[in-house]
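Biologist: I would like to understand the terms applied to this structure. Please set each value against its definition.

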Amino acid sequence: MPKRKQGRETTDVDDHVGMRIRERRIMLGLTQCQLGEMIGVTYQQAHKYERGINRVSASRLYTIAGKLNSP
C-alpha cells in the first residue's frame, strides 16, 4: 500500500528494504557515514534509504549488497 512521504510515494517494500540495509550495516559495525562513503552517497542519503524515505534503485541495491557482503 503506497504512503506519502515528502511529496513522493513509497511502499512497505521500501521500508523493508531499508530496514534490512540498516540491520546489515549495524551487524557489520558500520556507521551511516561509512556506508555512504562505500556506496558513493552522503550519509544523509544512506539515512533516507534506511528509513524508506527514498527508494533504492536496483543498481544501487546491487552495489549496497556487494559492499555489505550480502546476496
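Predicted model: local features only at pLDDT ≥ 70, side-chain atom pairs only at ≥ 80, totals over all residues.

Biologist: Why are α1 and α3 called oblique to each other?

Modeller: Helix α1 (residues 12–27) and α3 pack at an angle of about 120 degrees, with their axes 6 Å apart. Angles under 35 degrees count as roughly parallel, over 145 as roughly antiparallel, 65 to 115 as roughly perpendicular and the rest as oblique. The two helices α1 and α3 are therefore oblique.

Biologist: Which residues make the contact of α1 and α3?

Modeller: From α1 come D15, G18, M19, I21, R22 and R25, and from α3 come Y49, E50 and R51; contact means heavy atoms within 4.5 Å. The residues of this contact divide into three nonpolar, one polar and five charged.

Biologist: What makes E50 buried or exposed?

Modeller: Buried means under 20% relative accessible area, exposed over 50%, and partly exposed in between, with a 1.4 Å probe and protein chains only. E50 has a relative accessible area of 5%, and is therefore buried. E50, in helix α3, touches G18, M19, I21, R22, R25, Q32 and L35, not counting residues up to four places away in sequence.

Biologist: What joins the side chains of E50 and Q32?

Modeller: A polar contact of 2.8 Å joins them; the term requires a pair of N or O atoms within 3.5 Å, one able to donate a hydrogen and the other to accept it.

Biologist: Why does D15 count as partly exposed?

Modeller: D15, in helix α1, has 22% relative accessibility and so counts as partly exposed. M19 also lies in helix α1, and its 40% relative accessibility makes M19 partly exposed.

Biologist: Which residues make up the largest nonpolar core?

Modeller: Ten residues do: I21, L30, L35, I39, V41, A46, Y49, V56, I64 and L68. A nonpolar core is a set of buried Ala, Val, Leu, Ile, Met, Phe, Trp, Tyr and Cys residues joined through side-chain atoms within 4.5 Å. The elements giving two or more residues to this core are α2 (32–39) and α3 (43–51). V56 touches V17, I21, Y49, L61 and I64, not counting residues up to four places away in sequence.

How values were computed. Residues numbered from 1 in each chain as written. Heavy atoms only, no water. Helix = DSSP H or I, 4+ residues; strand = E, 2+ residues; numbered from the N terminus. Axes fitted to C-alpha atoms, helices over the stretch in contact; angles between N-to-C directions. Nonpolar A, V, L, I, M, F, W, Y, C, P; charged D, E, K, R; others polar.
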